Amino acid sequence: MPVRFVSRLMLVLALVGVVPVLLLGGLSFRANRDELHRLVGGLQTQAGTELARSCRQLVLTGVDNLRLAAEYLPLESLEPEHAHEVLSIPLRQIGSLNLLMLVDTQGRGIGDAVFTPEGGGNRQPVTKSSLALFSRQAPVPDALSTGAAIGPPYRMPETAGAGGRVALAVRTGEDASRLLLAELSLAELERQVAELAGEDGLAFIVDAQGAPVVSAHGHGSLSEEERGLVAEGLSRREPVVRTVRGVEGSEYLAAFVPVPDLGWGAVVGRNASAAFAPAEHVRRSTFFWALMALAATGVLGFVLARGVSQPVARLSEGVAALAEGRYGERVSEDGRDELGLLARSFNHMAGELQRRDAELRRWSEELQQRVDERTRQLREAQDQISRTRRLAALGSLSAGIAHELNNPLTGILGLLSLSREEVPATSTVGQSLTMALEQARRMAGIIRELSQMAEQERAGAGRPLNPAQPVRAALHEVREELQSRGVTLSCALNEQVPQVLGHADQLQKVVTNLLQNALTAMPSGGTLSVGLEAVEGDAVCLSVKDTGKGIPETMRDRIFDPFFTTKDEPGRVGLGLSVAHRIVEAHHGRIRVESDAGQGTTITIILPAASAEAHLA
């Protein structure tokens with residue numbers, strides 16, 4: 001079953017049906033989220049602005065109230081023992097002050113600080129540690145130079161959730177030498193911050209260094225993302241809106257708003273899941289309809305795939321059978337649609353492929369036969385050229401050796417002949433001289449054969465003759481030996497063969513050497529076949545075939561080398577085939593040997609006809 005095709009079809013349908021839904025839903029979700037980010041972020045910015053305005057108003061109102069108190073009270077001439085009684089008046093009137101204190105220009109107290117230890121209302125409790133912290137945070141130098149100053153806000157570590165405080169200082173007059181100090185409670189802002197934060201929101205006020213001063217739900221530390229938001233807002237001195245993750249891990253859409261004139265900042269945020277709830281609803285709806293589209297696509301794809309996959313599976317099986325060479329198998333041609341037309345076209349293609357494959361096989365076999373034949377001819381030509389070069393070199397060497405040995409051997413023959421005439425033949429010396437004379441004559445014959453190897457090329461073109469004549473002469477020369485060895489002669493000489501251009505005695509010598517080799521290969525008798533016929537291309541073919549012991553393949557390339565022989569008979573020096581090869585080469589022919597060990601030997605000689613214009617290669 002073509003699973004991959006079905007899978008691809010299902011995938012295409014899924015892409016067509018689901019991707020647009022997902023794309024549209026994603027774009028809608030992104031647009032809704034961006035719009036909600038803008039709207040909710042704007043609302044948080046407004047809330048932060050109100051919180052920053054309340055913070056500024058609270059601090060500046062505290063400064064104004066403190067300045068009014070310094071103006072209508074005789075603080076410059078006030079005795080230390082009366083300071084507590086006088087300062088209690090403005091402390092009761094200003095409910096946001098934790099304490100009041102009168103100091104000189106060196107910051108030394110003139111009387112004790114006035115406060116309510118247990119606090120109450122908007123006031124915060126005053127302890128020894130809070131007094132010490134207030135003394136360190138009081139902006140005495142700034143108030144001396146400007147007349148009124150606001151210190152940095154701070155909060156007590158042991159009461160981190162009770163809201164922040166800020167130290168205020170004003171001069172009691174333009175030329176006064178005393179300062180009126182006050183600790184302003186930010187508890188009022190604590191309630192507003194808690195109201196803005198709600199159950200799952202975010203709201204806090206930070207100082208100029210980004211440290212939280214007033215926060216909701218007792219949060220005294222900021223997360224890394226919250227610190228980044230505060231740092232960016234403080235550096236830019238303008239509202240900043242972004243999503244941040246709080247210390248508890250919740251995500252908020254928060255807005256930072258700077259507090260004017262104070263350098264502080266107010267942060268108000270809403271839980272991101274609530275802020276982006278409409279966008280999340282769009283996303284869930286998108287996933288739901290995407291799943292519905294995927295289900296519908298699956299059903300439709302299954303129906304379509306079933307109607308397409310079966311014909312495609314049959315076509316796939318037909319292609320596999322065609323690839324394996326089973327041309328007889330055909331695909332069902334049911335249906336009038338495109339798949340049916342495709343099946344009919346496939347069956348037609350299979351038939352054409354079967355026919356062309358048969359033609360290609362036939363052409364390939366014919367081409368292979370031609371290549372093999374041509375390769376064999378080229379190999380024979382190459383071997384013949386190699387043998388010709390080797391024999392030419394050996395012929396030149398043999399001619400030189402024969403020339404050098406011929407003169408001393410002639411003298412030896414003469415001396416042996418004279419010595420044998422003077423010594424009785426029956427004596428031991430006479431018999432030895434006779435044997436020496438025979439061996440010397442044998443040497444003379446070998447030298448004569450060596451000389452003949454070099455004389456073939458100097459013999460000239462010869463004359464036209466019937467090649468059957470030297471063949472018959474050679475057969476007549478060995479007829480007695482044929483009978484003595486019990487060899488049966490099979491002769492098929494065609495007298496109508498074309499004439500060849502050459503020397504009859506040399507061609508007779510070639511045939512005689514071949515016949516002698518064939519008889520030697522059949523010491524126990526056998527069949528000797530001699531044939532002569534015309535071949536295509538204006539040539540004559542002479543074949544000599546015996547049923548002897550044959551020539552091993554390892555020795556076949558050396559049989560034309562001088563003095564190489566495989567015969568066991570004495571007196572054989574291995575020059576017969578060498579001389580025959582030189583004579584055939586001189587007649588512009590070629591000689592070929594076919595033999596296997598134990599299967600006999602066939603030697604074929606092809607000579608060009610006398611009328612041929614080109615020699616055989």
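User: What links E232, R236, E238 and R242?

Analyst: These four residues, E232, R236, E238 and R242, are joined in a network of salt bridges, where a salt bridge means that a side-chain nitrogen of Lys or Arg lies within 4 Å of a carboxyl oxygen of Asp or Glu. In general, side chains of opposite charge can pair when their charged atoms come close. The model is a predicted one, in which local features need pLDDT of at least 70 and side-chain atom pairs count only at pLDDT 80 or more, whereas totals for chains, interfaces and linings use all residues. Residues are numbered from 1 along each chain as its sequence is written, and side-chain values use heavy atoms, with hydrogens and water left out.

User: Why is the pair of R236 and E232 called a salt bridge?

Analyst: The closest N and O atoms of R236 and E232 are 2.7 Å apart, and since the definition asks for a nitrogen and an oxygen within 4 Å, the pair meets it. Both residues belong to helix 6, where they sit four residues apart, about one turn of the helix; helices here are DSSP runs of H or I with at least four residues, strands are runs of E with at least two, and both are numbered from the N terminus.

User: What makes R236 and E232 count as partly exposed?

Analyst: A residue is buried under 20% relative accessible area, exposed over 50%, and partly exposed in between, using a 1.4 Å probe and the protein chains only. R236 has 40% and is therefore partly exposed, and E232, with 22%, falls into that middle class as well.

User: Why are the buried residues of helix 6 said to line one face?

Analyst: The buried residues of this helix are E226, L229, V230, G233 and L234. Seen down the axis of helix 6, they fall within an arc of 125°, and so they line one face; the arc is that of the directions from the helix axis to the C-beta atoms. On the other side of helix 6, E224 and S235 are exposed. The cover over the buried residues includes strand 6 (202-206), strand 8 (240-245), strand 9 (251-258) and strand 10 (265-271).

User: Which parts does the salt bridge between R56 and D261 tie together?

Analyst: In this pair, R56 and D261 bring their closest N and O atoms to 2.6 Å. R56 lies in helix 1 (residues 3-72) and D261 in the loop between strand 9 and strand 10, so the pair ties together parts that are 205 residues apart in sequence. D261 counts as exposed because its relative accessibility is 61%, while R56, at 29%, is partly exposed. D261 also has a positive phi, near 70°, in a residue other than glycine.

User: How do you know whether Q44 is buried or exposed?

Analyst: Q44, which is found in helix 1, has a relative accessible area of 11%, so the residue counts as buried. Leaving aside residues up to four places away in sequence, Q44 touches L253, A255, V268, G269 and R270, where a contact means heavy atoms within 4.5 Å.

User: How many salt bridges does the structure hold, and how many helices and strands are there in the chain?

Analyst: The structure holds 14 salt bridges, one of which joins E594 and R592 at 3.8 Å, N to O. The protein chain has 14 helices and 17 strands, and buried residues make up 40% of its 617 residues.
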